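Dear colleague,

Please find below the structure that I am handing over to you. My notes on it follow directly after the sequence and the coordinates.

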Amino acid sequence: MSASGVEQDSAAQRAQKKAREQRSYLWGFGLALVLTLIPFAMLAFTAVERMTLWLTIGACALIQVVVHLRFFLHITLDRSKREDLLLILFTVLILIILCGGTLWILFDLYQRMLPDMMP
Amino acid sequence: MSQRPLALPRPQARHPGLNLGADHAHEADSREEMVFGFWVFMMSDLIIFGLLMATYVTMLGGTAGGPGPKALFELKSVLIQTMLLLVSSATFGMASIALKYQEKRRLVMWLLITLALGFAFLFFELRDFHTMFEKGGVPSRSGYLSAFFSLVPLHGLHVAGASVWLVALLGQMAVHGLDAPVKTGILRLGILWHFLDIVWIGIFSLVYLGGLS
């Protein structure tokens, strides 16, 4: 790799790179498929406790989000020219504050004043 | 001449999503800014979806005697929609690779498959809404249903918008060929497409699986 990064690769290297990139997408697809089917199957075919089910659904969703970011959107821990990962992490921080705050305040309100609104 | 190592070091990523690399280097600088800018917009969109999901959770108890999630949702249809969107994400990935290696015919083929999957997703989603309406689940029925219909159809609207954009890009490609604006457009649409699939993970987990459990 030259410093400017514009050096052309040979045909064999191109083919190798292309195969590696296609494999990466297929890995992402396979992992996402498994992580989708686990919660669907648990809900449809098993009678586990509600809390266990919720925790599994949540865990699978979180892992699948990471899989999509890694394999489909190519967000990695590698050095990047722009701060993509920091942007995501900051957005997630804002989301946790806003969503967590909303849920905390409103469910506190429901508990004290509107018990009918508790799901 | 020294032999090159077989495993090349990973080149530094210039922007989120697939980087087109050395073959497209002469136009990379403007693309870097545009794709990163689009990523910033995407993150602001994420805040909207996150807050609508929080609103939905606070409205779970507000069915006002109307139909709730168990009466309205159908697991099979949700699974079909989830699969359609997931496969379309993978086919868009294949389109991105075809773009990177300048295989125009395969690029168009994968984009058309992606478009068809997007339309199929919208068909099943609209059919679901239709069934919900028939069961009395209209947005004005309860606070719960208002929250549902501000969250899920907004995602559908995004998918519809992305499909229109994809058609426009195919038209642009037919007229101008695979020039720099078209390439940048495909990269940004790819980010939108994968991002919408991530939002759908949140929707099917929270709204559908959570509601039916």
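How are helix 2 of chain A and helix 6 of chain B oriented to each other, roughly parallel or roughly antiparallel? Before I answer, please note that this is a predicted model.

Two packed helices are described by the angle between their axes and the distance between the axes. Helix 2 of chain A, residues 50–72, packs against helix 6 of chain B at an angle of about 175°, and the two axes are 10 Å apart. Angles over 145 degrees count as roughly antiparallel. The two helices, helix 2 of chain A and helix 6 of chain B, are therefore roughly antiparallel to each other.

On the chain A side of this helix pair, the residues that meet helix 6 of chain B are A:Trp54, A:Ile57, A:Gly58, A:Ala61, A:Gln64, A:Val65, A:His68 and A:Phe72. Their counterparts in helix 6 of chain B are B:His194, B:Asp197, B:Ile198, B:Ile201, B:Gly202, B:Ser205, B:Leu209 and B:Gly210. Sorted by class, the contact of helix 2 of chain A with helix 6 of chain B comprises eight nonpolar, seven polar and one charged residues.

The interface as a whole

Between the two chains, 49 residues of chain B are in contact with 52 residues of chain A. On the side of chain B that touches chain A, at least two residues each come from helix 1 (28–58), helix 3 (75–100) and helix 6 (180–212) of chain B. Helix 1 of chain B provides the largest share of that side, with 12 residues. The residues on the side of chain B that touches chain A comprise 30 nonpolar, 15 polar and four charged.

Chain A

Chain A contains three helices and zero strands. Its C-alpha atoms occupy a box of roughly 70 × 35 × 15 Å along the principal axes. The radius of gyration of chain A is 22 Å, whereas a compact globule of 119 residues would have one near 14 Å. The domain assignment divides chain A into domain 1 (1–74) and domain 2 (79–119), and the C-alpha centres of these two domains of chain A lie 25 Å apart.

An unreviewed UniProt entry places the feature "transmembrane region" at residues 24–45, 51–73 and 85–107 of chain A. In the model, residues 24–45 of chain A are 100% helix and 0% strand, with end C-alpha atoms 31 Å apart. Residues 51–73 of chain A are 96% helix and 0% strand, and their end C-alpha atoms lie 32 Å apart.

Chain B

Chain B has six helices and zero strands, and its C-alpha trace spans about 80 × 30 × 30 Å along the principal axes. For residues 26–212 of chain B, UniProt (unreviewed entry) lists "domain: Heme-copper oxidase subunit III family profile". This span of chain B is 85% helix and 0% strand, with its end C-alpha atoms 52 Å apart.

The feature "transmembrane region" is placed by UniProt (unreviewed entry) at residues 36–58, 78–95, 107–124, 144–170 and 191–211 of chain B. Among them, residues 144–170 of chain B are 100% helix and 0% strand, and the end C-alpha atoms lie 39 Å apart. Residues 191–211 of chain B are likewise 100% helix and 0% strand, with end C-alpha atoms 29 Å apart.

With kind regards

Definitions and conventions. Residues numbered from 1 in each chain as written. Chains lettered and ligands numbered in written order. Predicted model: local features only at pLDDT ≥ 70, side-chain atom pairs only at ≥ 80, totals over all residues. Contact = placed C-beta atoms within 7 Å. Helix = DSSP H or I, 4+ residues; strand = E, 2+ residues; numbered from the N terminus. Nonpolar A, V, L, I, M, F, W, Y, C, P; charged D, E, K, R; others polar. Domains from an automatic or database assignment. UniProt positions renumbered as here; feature names shortened; annotations may be inferred. Axes fitted to C-alpha atoms, helices over the stretch in contact; angles between N-to-C directions. Parallel < 35°, antiparallel > 145°, perpendicular 65-115°, else oblique. Rg over C-alpha atoms; globule rule 2.2 N^0.38 Å.
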